[in-house]
Amino acid sequence: MSDAFQEEERTIQSAADRIPPGQYVTEKFPVLHYGDVPHYANIAQEWDLRIWGELEAPFRFSFAAFRALPTTSITIDIHCVTRWSKLNTTWEGVSFGELLKHIPALKPGVQFVVAHCEQDYTANVPLKMLLETDALLAYRYEGRELDPEHGYPLRLIVPNKYFWKSAKWLRGLEFLTEDRLGFWERYGYHNNADPWQEERYADD
Ligand SMILES: Nc1nc2c(c(=O)[nH]1)N[C@H]1C(S)=C(S)[C@@H](COP(=O)(O)O)O[C@H]1N2
Ligand SMILES: [Mo]
C-alpha cells in the first residue's frame with residue numbers, strides 16, 4: 001500500500017468519531033456570512049486593529065505592527081451550525097496568549113472578549129476559552145493569505161466551537177468583565193456553541 005493510500009485510510013477511519021452529531025463533511029470550503037465582503041484599496045492605510053475595554057489603556061495595531069508579531073499554526077476541524085464540517089484546516093496567525101503579551105495589562109476580573117468586525121458583526125467568547133483552545137487571530141489559511149471572502153486580512157479562529165464564533169474581517173477586540181452577546185448569540189444562537197453538545201440555539 002502506498003503511503004498516500006494509508007494516509008487516506010487513516011483519515012477516513014478517524015473521521016467518523018470526529019464528526020459532531022448532526023453534521024456532514026464537505027471537501028469544499030463554503031463561504032458564509034451576513035453582509036458584504038469588504039475590499040481594501042490600501043490595506044496599510046485602511047486597516048488597523050483596535051483593542052479597548054477593561055485594560056490599562058486602549059491600544060492600536062497598525063497592519064505592519066500586527067504582522068510583525070510571532071505566529072503559530074493550528075490544524076482543526078471546523079463545524080458550521082448550518083451542518084457542514086470541514087476536516088483538517090490549517091490556520092496561521094497570532095495566538096491569543098501571544099497577543100496578550102503585546103497589549104496593555106488587562107484589568108482584574110476580565111473574563112470576556114467581544115470581537116468587533118467590519119459592518120458591525122460581533123462575536124463574544126470567554127477569555128478562558130480563547131486561551132485554553134489556542135484560539136488564533138489568523139491571517140493565513142493552508143499557507144496562503146486569507147481570501148477576501150474568508151476574512152482577509154484577519155479573522156478569529158476559535159477551535160471546538162461552531163464556526164460563527166470565528167469572526168471574519170476583525171477590526172477590534174473589547175475586553176469585558178461581564179458577558180455581552182454577539183450578533184448571532186443575540187439572534188438566538190447558543191452562547192456556548194459547543195458542536196459536540198449540539199449547542200446550536202439558546203434553548204437547546
Ligand atoms: N464578520 C463576520 N464573520 C463571520 C460571519 C459573518 O457573518 N460576519 N459568519 C460566521 C459563520 S456563521 C461562519 S460558518 C463562518 C464561515 O466562514 P467561512 O466563510 O470562511 O467559511 O464565518 C463566521 N464569521
Ligand atoms: Mo455558520
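In which loop does Thr82 lie? Thr82 lies in the loop between E4 and E5, where the helices (H or I, at least four residues) and strands (E, at least two) are DSSP runs numbered from the N terminus. The structure is a predicted model, in which local features need pLDDT of at least 70 and side-chain atom pairs count only at pLDDT 80 or more, while totals for chains, interfaces and linings use all residues. Residues are numbered from 1 along each chain as its sequence is written, chains are lettered from A and ligands numbered from 1 in the order in which they are written, and side-chain values use heavy atoms, with hydrogens and water left out.

Thr82 counts as partly exposed because its relative accessibility is 42%; buried means under 20% relative accessible area, exposed over 50%, and partly exposed in between, with a 1.4 Å probe and protein chains only. The side chain of Thr82 makes a polar contact with the side chain of Trp84, at 3.5 Å. A polar contact is a pair of N or O atoms within 3.5 Å; within protein, one must be able to donate a hydrogen and the other to accept it, and residues adjacent in sequence count only if both atoms are side-chain atoms. From C-alpha to C-alpha, Thr82 and Pro195 are 11 Å apart in space, although 113 residues separate them in sequence.

Ile76 belongs to strand E4, which covers residues 72-79, and Ile76 counts as buried because its relative accessibility is 13%. Leaving aside neighbours within four places in sequence, Ile76 is in contact (heavy atoms within 4.5 Å) with Lys86, Leu87, Asn88, Thr89, Trp91, Ile157 and Pro159. The C-alpha atoms of Ile76 and Thr177, which stand 101 residues apart along the chain, are separated by 29 Å.

Glu92 is found in strand E5, residues 84-95, and its side chain makes a polar contact of 2.8 Å with the side chain of Thr71. Not counting residues up to four places away in sequence, Glu92 touches Thr71, Thr72 and Ser73, and also Leu136, Ala138, Tyr139 and Arg140.

**Backbone features**

Asn88, also found in strand E5, has a phi near 55 degrees, a positive value in a residue other than glycine. Glu142, in the loop between strand E8 (136-141) and E9, likewise has a positive phi, near 50 degrees, and is a residue other than glycine. Asn88 is partly exposed, with a relative accessible area of 37%, and Glu142 is partly exposed, with a relative accessible area of 40%. A cis peptide bond, with omega about 10 degrees, joins Tyr152 and Pro153, and Pro153 is found in the loop between strand E9 (144-145) and E10.

Lys165 is found in the loop between strand E10 (155-157) and strand E11 (170-176), and Lys165 is buried because its relative accessible area is 0%. A polar atom of the Lys165 side chain lies 2.8 Å from the backbone oxygen of Asn124, and the C-alpha atoms of these two residues, 41 residues apart along the chain, are separated by 7.1 Å. Beyond residues up to four places away in sequence, Lys165 touches Ala123, Asn124, Val125, Leu156, Val158, Glu185, Asn191 and Ala193.

His190 lies in the segment after helix H6 (183-186) and counts as buried because its relative accessibility is 15%. With neighbours within four places in sequence left aside, the residues in contact with His190 are Trp164, Glu185, Glu199, Arg200, Tyr201, Ala202 and Asp204.

**Ligand 1**

Of the 20 residues around ligand 1, those that come nearest are Pro30, Tyr34, His150, Arg155 and Lys168; a residue is near a molecule or strand if one of its heavy atoms lies within 4 Å of it.

| Residue and atom | Atom of ligand 1 | Distance |
|---|---|---|
| Arg155, side-chain N or O | oxygen | 2.8 Å |
| Ser166, backbone N or O | nitrogen | 3.2 Å |
| Lys168, side-chain N or O | oxygen | 2.5 Å |

The protein covers 99% of the 530 Å² of accessible area that ligand 1 has on its own, accessible areas coming from the Shrake-Rupley method with a 1.4 Å probe, where for residues only the protein chains shown count as cover. Ligand 1 sits in the largest pocket, in the sense that more than half of its atoms lie within 2 Å of the grid points of that pocket. A pocket, on a 1 Å grid over the protein atoms alone, is an open set with protein on both sides within 12 Å along at least five of seven lines, whereas a cavity is a set of points where a 1.4 Å probe fits but cannot get out; lining residues have an atom within 4 Å of a point.
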